[in-house]
Amino acid sequence: MPDINLATATAAEVLGALNNRDISSVELTQAYLSRVDALNGHLNAVITVDHEGALTAAKDADDARHRGEGGILNGVPLLHKDIFCTSGLRTTCASRMLENFTPPYDATVVSKLKAAGAVTLGKTNMDEFAMGSSNETSYFGPAHNPWDLSCVPGGSSGGSAAAVAAGLAPLSTGTDTGGSIRQPASLCGITGLKPTYGRVSRFGIIAFASSLDQAGPMTRTVEDAALMLNAMCGLDPHDSTSADMPVPNFHDALRGDLKGLRIGLPKQYFSELLDVRVANRIQDALKELEAEGATLVDVDLPHTQEGIATYYVIAPAEASANLARYDGVRFGHRCDDPTDLMDLYARSRSEGFGSEVQRRILVGTYALSAGFYDAYFKKAQQVRRIISNDFKQAFDQCDLIAGPSAPGVAFSVGAKSHDPIAMYMEDVYTLSVNLAGLPGLSLPAGLINGLPIGLQLIGRAFDEATLLQAGHRFQLRTDHHRLAPPFGEIS
Amino acid sequence: MTWEMVMGLEVHLQLATRSKIFSGAANRFGAEPNVQACAVDLGMPGMLPVLNEQAVRFAVMFGLGIDARIGKRSIFDRKNYFYPDLPKGYQVSQFFEPIVCEGTFEVPMPDGDLFSIRITRAHLEEDAGKSVHDRFPNQTGVDLNRAGTPLLEIVTEPDFRTAEQAVAYLKALHSLVTYLGISDGNMAEGSMRCDINLSLRPAGSEAYGTRTEIKNVNSFRFVEKAIAVEAKRQQELLEDGLSILQETRLYDAERNETRSMRSKEVANDYRYFPEPDLLPIVLDDAYIAAVSADLPELPGAKRQRFIEQYQLSNYDAAQLVSSLAMADYFEATVTACGEAKATANWMLGDLAAALNRENLSLEDAPIGPLDLAGLVARVADGTLSSKLGKQVFEGLWLREGSADEIIAQRGLKQVSDAGALESLIATVISNNPDQVAQYRAADEVKQKKLIGFFVGQIMKASKGQANPQLVNELLARALAGD
């Protein structure tokens, strides 16, 4: 292998090597596949590896490059969260329900990344149906955090975060319904972007909560995230909620300093809930942004706390309907020997869904039921609007909002899995961003006792460019994102 | 006690769009099971709906056709329930804000009088698939071809008091939607399905009684019968001092009875909430005006025009506009022959009877508007008596040629030559001296009866071709002994 250290390689570096013909995509893909085969037993970050498909795609990418063709990620290996439908490749959503489900279609994100030349290595582990903040609800067992294998990688895109952190691929896709890209990015020390709702098509993404779900890049660097976002995003006629908004060249937007940029600090994000060590790291990070020319201003997001309750009404309500199709009739798990229709439904769903998924279906069903709709769902919709307005007002005073991505560092497997409320608190800083539909970026901001923590930047709707620019300037001044977990060096 | 029946109707109308309401799959009736259902219709994981603009346009056309308020901002909602032929476990419908709001509909009754019905609302939704219970022993098949077919659910206020009104409404609705071209309205194929909400109350009472809902009655005739048997059932219960259970009932046409559906299906809590996968439908005035400008002449306006332009009776006009094919046939015939009333009589009389006898639709009739016009013209100009006209009609029906050709071939020309008729009359008089004597002895009233005998003899002798009016005149003079 030429001078590429897969444990820390970025997509930009890999692209450079490919374009210089230092290495072929087939060689690179083979090397990453070997790394997956060697390390995944420890990490459980990948559910399905597609050796054959990956090598075929790599060969195609090499051929295209020889012809002087190929997209912006031509030949770069990538892993997809197992929530993206991949044509001909098993897509489980980490659920027993879809253990044997092979879709006959690609998600728009998948086909766009294919068109950009990316090579799909396989599908990553996640919380079942993206419901969880630790990857522990996966039917295939938890993924492990490469910084400490006894710890969780966060969730729900835990496998994607762990895989990028451990160098199983330079890029992975994630989805973020209430922090599911940013919190695991924080816990695994990588860069994770949740774009504005509508920026990336949801077509072919197995739905959890339709009004909140959004796909985004999970990468080592902001530069890679910018490249990948351009390849993923844009209006999709198959998704009515995808936005008809101009798509800038995000890579070009990375240039320039932060002079005049106002960064808002919501006091609610720095309350006593926050681990003081995390608070200190965030303060350090903010000093770097100030040094780049940004000014810090205090802002108010008064309904941050209500965000959790609001989210845990709306997301389960939508999920209760989205998951109704898994009834054992047409696809997915079906119980043996049903005695009648009700038995078919009840047992197929009880067997096919894990306990967290069942909990959310029950909560959501309750919140929508006759006599409770006004008190729960309707009220939550109202609070959602208030939260959205809070952000709008805050953005009158600033251009970005900064805070932590998660309240603390990675925790031990099992530490919170029997305390749903403690688990839900993991997303206190992220999920109001989903409720408001805004873009959010998590950046590695250092270690606490050897475990990473993330800085979160939140932008105005469809202003990912400013977010990425600030993130890139931060990464030019810091090397947190260059740290590799000790685990990654094994092989 | 006398009881008054109170009914409101819900009609599910399948819209004749090219593709389904939320997918690109074809929207056609009668294909092999499950070949017209794509991944979206099957509710496959990750699939998303995309609204069909044509369905929106059709709904707006309907709304304008009943003078309804159009919902300028309407939203889709999810109606949640489990059923094997409902692929997603929810139906995308409009619950909170429908596309068509309150309107009124003028319904012609069979006698031609108009009856006004208030429409509560009409909303867009997707149809479910079909459960097939009779094809596999002890198993149920699911055919999802129908899943995702666009439906317009049209809900009325409880304005119906008789089965006749309900049927008249459905016929008028059928005529409206076929004029608009938004549905074929075929009840037998399920393009137009009717649910009847029915209750009884003591005559004169203001309060409504407890209602039942009769589901999916699939012909005009069954609507009439279902209403009759359900009203009878409710009346018997009430007269026995029992109460009516609010429930959904199915009409069984074979046994001519309604029976209760399982109460479980009635007690569904549908947990409606706004569909997050679709944006609100926002319609501006320009769009509505453009749709309005494209509307064809609708049955009500056409009926009024027929009455004024052709001096038709309410009854004839209502009958002739009940289908666009009939109205067009009428106008084409009148344009060719200029005889509106006679054309109406032929169409609503002999032509309707022949079509009915042979179970044909007007489109398949062997007699076209120009053929009929030829016949009408020959009766009008006296070439044919109405009796001979019927023979020509018969010839036209058998495709023997045009009216003139048939008159020539069959030798059916009416004899109006006084000289020829007078010699016939003279022969008949000389051959029947007894009858002549009897006639001459009778008073005026009796004579009117007796003259029929002579007319019959003359018509017989002329093979029906004698002009009956002229025969009457000449005969009366001859018998009087002039």
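Predicted model: local features only at pLDDT ≥ 70, side-chain atom pairs only at ≥ 80, totals over all residues.
Residues are numbered from 1 along each chain as its sequence is written, with chains lettered from A and ligands numbered from 1 in the order in which they are written.

Let me start with the domains, whose bounds come from an automatic or database domain assignment. For chain B the assignment gives domain 1 (3–290), domain 2 (297–410) and domain 3 (418–479), and the C-alpha centres of domain 1 and domain 3 of chain B lie 65 Å apart.

Now the sheets; helices (H or I, at least four residues) and strands (E, at least two) are DSSP runs numbered from the N terminus, and two strands pair if DSSP finds at least two bridges between them. Chain B has an open sheet of eight strands in the order β5-β6-β9-β1-β10-β11-β12-β13, with mixed pairing. Since β5 (103–108) and β13 (257–260) of chain B each have a single partner strand, they stand at the edges, so one side of each is left without a neighbour in the sheet. Within this sheet, β10 (192–202) and β11 (212–217) of chain B run antiparallel and are joined by four bridges, and Asn197(B) stands opposite Glu213(B) in β11(B).

A further open sheet, of three strands, has the order β4-β3-β14 in chain B, with antiparallel pairing. Its edge strands are β4 (90–93) and β14 (273–274) of chain B, and Arg78(B) stands opposite Phe273(B) in β14(B).

Turning to the helix pair, α13 (418–431) and α15 (444–461) of chain B pack at an angle of about 125°, with their axes 10 Å apart; axes are lines fitted to C-alpha atoms, for helices over the stretch in contact, and angles run from 0 to 180 degrees between N-to-C directions. The contact (C-beta atoms, placed from the backbone, within 7 Å) is made by Leu424(B), Ile425(B) and Val428(B) of α13(B) and by Phe454(B), Gln457(B), Ile458(B) and Ala461(B) of α15(B).

Finally, the contact between the chains takes 34 residues from chain A and 24 residues from chain B. On the side of chain A that touches chain B, the largest share, three residues, comes from α9(A).

Definitions and conventions. Contact = placed C-beta atoms within 7 Å.
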